[in-house]
Structures are given as structure tokens and as C-alpha cells.
Amino acid sequence: MKAFKVREALNAVGGRFYGEEAALDKEISFVTSDSRNAGPGSLFVAFKGARADGHAFIAPCLREGAVCCISERPPVSEEETPCIVVESSLRAMGDLASWYRSFFEIPVVGVTGSVGKTTTKEMIAAVLSRRFNTHKTLKNYNNELGVPQTILQLDPRHEAAVIEMGISNFGEMSRLTQMVRPDIAVISNIGYAHLEFLSDRQGVLKAKSEIFESMSQDKLAVLNGDDDLLKDLQPGMRRLVYGCHGDFDFVAKEIRNLGEDGISCVIRHHDREFSVLIPGFGTHMVYAALAATAVGYALGMTDKEIASGIETYQTVGSRAKVIQGQSVTVISDCYNANPTSVHAAIESLRMLDGRRVCILGDMLELGSEEEALHAQVGKQAAEAGIES
């Protein structure tokens, strides 16, 4: 992280300072909301969580060397100073990240969508890393706490950034995009996710499209043309559209599902094309590779660099992770699911030989369509010849 002073943090978040004047000139070298990570040079941000209240750890963090803290309540003793008191620690983190983002004139890619955000983010980062020192969102830290933490980990060595942006309600993407201010916005798809708050796919589209609010006309949108709601979306800026089933800017053809060995395909962009092996399970991985190709192309990368980057992709956590046993192959795809992601998983499983079994968990936040959408998944699995 690029170091800055407590005084600058105070100006960025607009809070009230408690402590000695000299503390305002101390330098902050990293920001954390985890008291276990607080130490010399840190700014500790206290949150009141469901299980623990970070305010109880302010004094211990300062004793461990934190130069200041951000709190939602005034200090109860001098042991809890220096301290910046704000109305909302979450909002303060966002304000601090938004201010800090202005120091970096590097290409920033914002990635969102109902399904495949983390996979797409990882694929884009793998491609960009072939040419640029690339910063990316760790794991799936993509919400109003994770995004500012990702931004605040940028440092002067970085030449590009790929930031995952996840939401569950209206207005959240607006707040995220004000922090990220992406130069390139990627939307992987519009699916049946968070319907409890967003009602239907049109609501999902509206909420995701808030990503364009802080982007000017000279920026770029990268969209999945095989998604019926994204194909004709006009975000008010240049578009690059990708897919497998249309005449798009980037098209995948000759797709071969190699099971646990990955997927091979040819990616075409107008009059140029190249072959690639995608080291991931499931044909839906092709869309992540296409999105990464579009971003790489937009940033001037060669076909060779892009193909090499795709081939270095690695799965994150339990997303389509292949575990080879003595007599069975387990595909661990155990992150938060919705009907769109389960559909893709079933279709990928259907391509494999032998006995195929789905072990399915609940899909949450589906509102009034919950029972019908769960029944639809069961029907799809049965029609695909899969036991569940």
C-alpha cells in the first residue's frame, strides 16, 4: 500500500478526531478490520458484527502498534486514542478507498454478474499478468467491505487491477463503482440471483447496470452476448461483446469438453483466431476465457500472451475443483448457488461418462419463486440422466 498520514485519512472520511495533534502526522502503511492483523503502521477499522464487536479491540490494537483507529463511538478512555469517530465505519471504509483510488492511473477492470464473477476475475487476472503487474480481489471479497479492502491493497508497483464487485440489492453497485471507478466493466451474465431483493432478471439487470454510473463515454463495457438481456444492452460507451452462439466481437468455436482435463477451443476475433486449452471443468469456463480475451485485446495484448494467460488459470477454493479418488471423481463446486449456476454445473456434469450423481444444497434469496426454481433444478437433473 502507498503510505499516507492519519491527517489525510481524517480528511477522506470526514470524521471527528480524538487524540494528540502529533498523531495526525503519523504514517499509515496498511488498513485492516481484523484485530488479529493490527500492528505497527496499521489503521484499525472497528465494525460491530453479528458475532463480535470490533470496538472491544480498539485499545489492544493500539497497544500492538496501530497508529489510529476508526470507530463508530467516541473513545471511552485515552487508551482508545488516537481515534477517528464516524457515523458508519462501512461508509468510512468506502470513502477512504475512493480517495485512495485516485492515486492510481492504471487500467482497472470491474467484474460483476450473477454467475462466474470469481472465475471471470481470476481468468482476466491470469491473462493480464502475462504483461502487467496485476492486483486482484482475493478469493471472493467482493462486497462493500471486501472491495475497499482490495483497493486499499494497491501499491505503486501495480500496473493493472481486476476487482470483483458483488451485490444483492439496489444501490450497492452504485456505491462500489464510486470506489472502483472501472475503466473496463465486465458483466458475465444476468441470472436468477438475489431475487428476494431484486424481484426478477430485469431487476438484476438494473442493479448490475449501476456499474456504468461512474464511467465516462470513453470507457469500455465487455458483455456476454449469449445472455438475452446483455446482448443488446447499450451502456452509453464502447462495447465488446463475446459469446459462443452469434456473430460477436469474440467467439469461441470448435469447443471440446475434455472432462477433468479441461476444455479446448478456438477463439476468433474478426479475421484473427487462436487455439487455447482452458484448465477448468465445465463448458461455462469458455465464457470466462472469452471475457479475459476481450479485456486483454482492449489493453493491447497479443494472442500468444492471452492464450498463455488463459492456460495458467487456477480454480479458487471449491469452484469446480476436481478431486480424483481411487474409484470416483469428485467435482467440488460448493460456493453460494443460484439456479443459473446450478444449471451450468448440471450441464457440465452431463458431458462426463459413467454414473453421475448431484449432491445439491439449498439456493437462497429466491423470494416467491423459491419452490418453483428448486423444482426446476431437480427436473433438469432428471432429464440429464443424473441422480440427485
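Modeller: Start with E254, which sits in strand β14, residues 250-257. The model is a predicted one, in which local features need pLDDT of at least 70 and side-chain atom pairs count only at pLDDT 80 or more, while totals for chains, interfaces and linings use all residues. Residues are numbered from 1 along each chain as its sequence is written, and side-chain values use heavy atoms, with hydrogens and water left out.

The phi angle of E254 is near 50°, a positive value in a residue other than glycine. Most residues other than glycine have a negative phi, and most peptide bonds are trans. E254 is exposed, because its relative accessible area is 57%; exposed means over 50%, buried means under 20%, and partly exposed is in between, for a 1.4 Å probe and protein chains only.

K139 also has a positive phi near 50°. This residue lies in the loop between β9 (134-136) and α5. K139 counts as exposed, with a relative accessibility of 51%. Another backbone feature is the cis peptide bond that joins T81 and P82, with omega about 5°. P82 is placed in the loop between β6 (68-71) and β7 (83-85).

A search of the whole structure finds 1 cavity of 30 Å³ or more, and the space in the largest cavity is about 40 Å³. On a 1 Å grid over the protein atoms alone, a cavity is a set of points where a 1.4 Å probe fits but cannot get out; a pocket is an open set with protein on both sides within 12 Å along at least five of seven lines, and lining residues have an atom within 4 Å of a point. Points are joined across faces, edges and corners, and a volume is the space filled by probe spheres set on them. Two or more lining residues each come from β15 (263-269), β16 (272-278), α9 (285-298) and α10 (303-311). By class, this lining has 5 nonpolar, 2 polar and 4 charged residues. Ala, Val, Leu, Ile, Met, Phe, Trp, Tyr, Cys and Pro count as nonpolar, Asp, Glu, Lys and Arg as charged, and the others, Gly among them, as polar.

The second largest pocket holds about 420 Å³ of space. Of its 17 lining residues, T32, S33, Y141, Q149 and Q153 lie nearest its centre. The elements giving two or more residues to that lining are β4 (30-32) and α5 (146-151). Its classes are 8 nonpolar, 8 polar and 1 charged.

N224 is in strand β12, residues 220-224, and is buried at a relative accessible area of 5%. The N224 side chain reaches the backbone oxygen of S188 at 2.9 Å. A polar atom of that side chain also lies 2.9 Å from the backbone nitrogen of D226. A polar contact is a pair of N or O atoms within 3.5 Å; within protein, one must be able to donate a hydrogen and the other to accept it, and residues adjacent in sequence count only if both atoms are side-chain atoms. Leaving aside neighbours within four places in sequence, N224 is in contact (heavy atoms within 4.5 Å) with residues including I187, L230, V241 and Y287.

I187 is also in contact with F212, as are A221, L223 and M237 among others, again leaving aside neighbours within four places. F212 is one of the residues with the most contacts inside the largest nonpolar core, which has 65 residues. Such a core is a set of buried Ala, Val, Leu, Ile, Met, Phe, Trp, Tyr and Cys residues joined through side-chain atoms within 4.5 Å.

The buried ones are R201, G203, V204, L205, A207 and K208. They pack against β8 (108-112), α4 (117-128), α6 (172-180), β11 (184-187) and α7 (195-198). At the start of α8, a side-chain oxygen of D200 comes to within 3.2 Å of the backbone nitrogen of Q202.

Key: Helices (H or I, at least four residues) and strands (E, at least two) are DSSP runs, numbered from the N terminus.
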